[in-house]
Amino acid sequence: MKKLLLLIFIIPHIVLSQDDLLDELESNIQEDDYVTATFKGLKIVNFESTKLVNKKNLFFIVAHRFGSVENGIDDFFGLDRAVTQLKFIYGITDGLNVGIARSSFQKTYGGHIKYRIIKQKKNGFPFTIVGYNLLTINTGLEEEQLPNLEFSDRLSYVSQVLISRKFSKRLSLELAPSYLHESFVRFDDQDNSQFIVGMGGRYKLTKRFSLNLDYGVHLNRSNSSAFKNPLSIGFDIETGGHVFQIHFTNAQPMFENGFLGQASGDWGDGNFFFGFNLSRVFDL
């Protein structure tokens with residue numbers, strides 16, 4: 001564990017010699033006086049941020065969540081039990097994105113749409129508001145174990161309103177009221193329709209390094225549920241061509257329906273997951 005933590009804190013110093021993507025983004029002075037660069041990553045940690053992909057840009061994102069670190073060296077601090085997600089996001093316009101993804105967690109496929117409603121403006125409207133809608137298909141459910149399983153049982157839906165404000169060059173915060181509908185739930189007294197209030201933020205520590213945190217409060221979780229509220233902490237590290245995110249979280253799933261409703265780790269027991277998001281942008 002000491003070697004893993006040492007590696008995490010060495011990475012920022014290694015990338016200091018690379019071009020600064022952040023400076024390039026922040027050097028774009030907007031004549032319309034809109035606030036820019038509220039978040040550098042498309043996600044804070046697990047929760048979506050209010051950042052969108054620019055028009056005609058294609059983002060390719062590789063995300064990993066390793067197994068729980070609680071077993072230590074026995075499974076190499078969770079690296080032997082990794083979950084992977086591959087995602088493509090395309091900017092139809094500067095304010096409208098579409099994306100598709102596949103995760104090895106429950107062999108889930110997903111498609112989403114993300115759209116900006118209004119932008120924060122200096123000496124004007126104080127927030128950026130973005131809508132986010134996701135549809136997922138859980139292909140990991142086995143008909144042999146669930147004989148009455150129908151295709152509709154595999155579907156989950158998520159709708160979110162993302163409300164952010166950049167308070168200074170260093171601090172940005174976000175509120176994310178969320179609605180989750182799971183067609184198949186694992187506990188008899190769990191409502192299919194679930195409500196979560198997400199919150200998160202980013203604090204810029206150095207020119208290329210920021211501390212990120214997000215948390216979700218589940219408002220109508222079943223009393224018999226073994227799942228927890230998702231709590232994640234991470235770092236954005238900016239390199240020459242992308243923003244590299246590393247983090248620790250108590251939720252191994254990466255789709256919203258997964259981490260909002262099925263966070264299985266418990267920080268108090270040392271049961272959490274190490275992971276990272278790596279993105280690359282292509283100008284089409």
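**Reading the model step by step**

Modeller: The largest nonpolar core has 16 residues, and those touching the most other members are F47, L134, V158, L162, L180, F259 and L260. This is a predicted model, in which local features need pLDDT of at least 70 and side-chain atom pairs count only at pLDDT 80 or more, while totals for chains, interfaces and linings use all residues. Residues are numbered from 1 along each chain as its sequence is written, and side-chain values use heavy atoms, with hydrogens and water left out.

Biologist: What is meant by a nonpolar core?

Modeller: In soluble globular proteins, nonpolar side chains tend to be buried together. A nonpolar core is a set of buried Ala, Val, Leu, Ile, Met, Phe, Trp, Tyr and Cys residues joined through side-chain atoms within 4.5 Å. Buried means under 20% relative accessible area, exposed means over 50%, and partly exposed lies in between, using a 1.4 Å probe and protein chains only.

Biologist: How is a contact defined, and which residues does L162 touch?

Modeller: Contact means heavy atoms within 4.5 Å. Leaving out residues up to four places away in sequence, L162 touches E48, S49, T50, K114, T128, I129, V130, Y132, E174, L175 and A176. I163, in strand β6, is partly exposed because its relative accessible area is 25%.

Biologist: How many helices and strands does the protein have, and what percentage of its residues is buried?

Modeller: The protein has three helices and twelve strands, and buried residues make up 49% of its 284 residues. Among contacts with a separation of 6 or more, 58% are between residues 24 or more positions apart.

Biologist: How is a pair of aromatic rings described?

Modeller: It is described by the distance of the centres and the angle of the planes. Rings of Phe, Tyr and Trp (its six-membered ring) pair if their centres lie within 6.5 Å; planes under 30 degrees apart count as stacked, over 60 as edge-to-face and the rest as tilted. The structure holds twelve aromatic pairs. In one of them, F125 and F127 have ring centres 6.3 Å apart and planes at 75 degrees, so the pair is edge-to-face. F125 is partly exposed, with a relative accessible area of 34%, and F127 likewise counts as partly exposed at 34%.

Biologist: Which parts of the chain does the pair of F248 and F272 link?

Modeller: This pair is edge-to-face, with 5.9 Å from centre to centre and 80 degrees between the planes. It links distant parts of the chain, 24 residues apart, with F248 in strand β11 (residues 243–249) and F272 in the loop between α3 and β12 (273–283). F248 counts as buried because its relative accessibility is 10%, and F272 is buried at 13%. Ring pairs also link F66, F244, F248, W267, F272, F274 and F276 into a cluster.

Biologist: Is N257 buried or exposed, and with which side chain does it make a polar contact?

Modeller: A polar contact is a pair of N or O atoms within 3.5 Å; within protein, one must be able to donate a hydrogen and the other to accept it, and residues adjacent in sequence count only if both atoms are side-chain atoms. N257, in helix α3, is buried because its relative accessible area is 8%, and its side chain makes a polar contact with that of T136 (3.5 Å).

Definitions and conventions. Helices (H or I, at least four residues) and strands (E, at least two) are DSSP runs, numbered from the N terminus.
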